[in-house]
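My entries follow the display.

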Amino acid sequence: MPSLLIVDDEELELEIIQSMINREKLRIFNIYTARNIACAKKILTQYYTPLILCDIEMPGGSGLELAEWIRSRNLEAEIIFLTGYAWFSYARSALKLGVRDYLLKPVEREPLMEALEKAMKHLPDYDDEPVQMNSDQLIKRITEYIHDNCEKEISRKTISKMFYIHPDYFSHIFKEQTGCSFIDYLIRVRMEKARKLLCSTDQSLVNIALAVGYSNTAHFGKHFKRETGVTPGTYRKKTRKKDE
């Protein structure tokens with residue numbers, strides 16, 4: 001279930017637009033609102049909000065400027081513009097920015113819902129309900145997921161989508177809470193599991209690499225040596241000599 005951001009400088013307009021949206025039908029998790037571009041950027045930086053309804057003409061920055069900022073940061077977003085002016089220059093700029101739709105004010109419920117439904121078809125599928133939690137709880141859930149699934153292909157982007165937070169915000173709070181970057185933490189967890197497998201099983205280095213998320217054995221060996229100071233083969237020999 002994705003979240004939606006509505007950007008309009010008029011408070012009444014924000015309320016009217018919200019009242020037209022059937023959240024249950026669209027399966028929208030949360031609706032955020034912003035009355036200016038600065039506030040919209042703050043929300044987009046903190047929360048994973050891939051669906052955006054945005055007025056074009058606003059004081060302090062236009063919807064076109066916000067769309068340019070979103071595209072420059074490669075944020076995943078389906079944008080629908082709202083405007084009171086049927087100007088060709090706006091439509092042309094919207095097309096260049098990859099805007100999904102362009103609605104004229106005053107907006108009516110049916111075309112608004114149709115535009116949102118069309119935009120949502122271009123979003124990834126969301127199977128799980130997002131859970132609202134504080135930073136401590138969030139990082140605890142994420143680290144538990146990493147430990148339980150370190151053999152899978154895990155990236156900052158996949159974690160951000162899974163927990164409905166912006167990738168930049170995720171990186172910031174992860175390092176703040178754990179004292180290291182996400183990728184360093186992931187490597188440490190994988191190498192910890194690799195050490196256990198090297199000590200307790202006779203699996204080949206190729207199979208152990210696969211079991212901790214590496215399809216490339218050389219890449220696995222490089223990370224293992226960086227963490228332990230020795231190669232996987234040497235580590236296995238040393239630990240087995242100690243047990244004899």
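I count a contact when heavy atoms lie within 4.5 Å. The model I am reading is predicted.

**Entry 1: H7 and H10**

I began with the contact of H7 and H10. Thr143, Ile146 and His147 are the H7 residues in it. From H10 I listed Phe182, Tyr185, Leu186, Val189 and Glu192. By class I noted five nonpolar residues, two polar ones and one charged one in this contact.

Then I looked up the geometry. H7 spans residues 135–148 and H10 spans residues 182–200. Their axes are 9 Å apart, and the packing angle is about 40°. I filed H7 as oblique to H10, because angles under 35 degrees count as roughly parallel and 65 to 115 as roughly perpendicular. The crossing of H7 and H10 is right-handed.

**Entry 2: H3 and H4**

Next I took H3, residues 37–46, and H4, residues 63–72. How do their axes cross? They come within 10 Å and cross at roughly 25°. That angle is under the 35 degrees cut-off, so H3 and H4 are roughly parallel to each other.

H3 brings Ile37, Ala40, Lys41, Leu44 and Thr45. H4 brings Gly63, Leu66, Trp69 and Ile70. I sorted the residues of this contact into six nonpolar, two polar and one charged.

**Entry 3: H4 by burial**

I stayed with H4. Which of its residues are buried? I found Gly63, Leu64, Leu66, Ala67, Trp69 and Ile70. Gly63, Leu66, Trp69 and Ile70 are the H4 residues I had already listed as meeting H3. After H4 comes asparagine 74. Its phi is positive, near 55°.

**Entry 4: cysteines**

How many disulfides does the structure hold? I found zero. A disulfide is a covalent bond between the sulfur atoms of two cysteines. My cut-off for the sulfur pair is within 2.5 Å.

Technical notes: Residues numbered from 1 in each chain as written. Predicted model: local features only at pLDDT ≥ 70, side-chain atom pairs only at ≥ 80, totals over all residues. Heavy atoms only, no water. Axes fitted to C-alpha atoms, helices over the stretch in contact; angles between N-to-C directions. Helix = DSSP H or I, 4+ residues; strand = E, 2+ residues; numbered from the N terminus. Parallel < 35°, antiparallel > 145°, perpendicular 65-115°, else oblique. Nonpolar A, V, L, I, M, F, W, Y, C, P; charged D, E, K, R; others polar. Buried < 20%, exposed > 50% of the residue type's maximum accessible area, 1.4 Å probe, protein only. Left-handed = near helix turned anticlockwise from the far one by under 90°.
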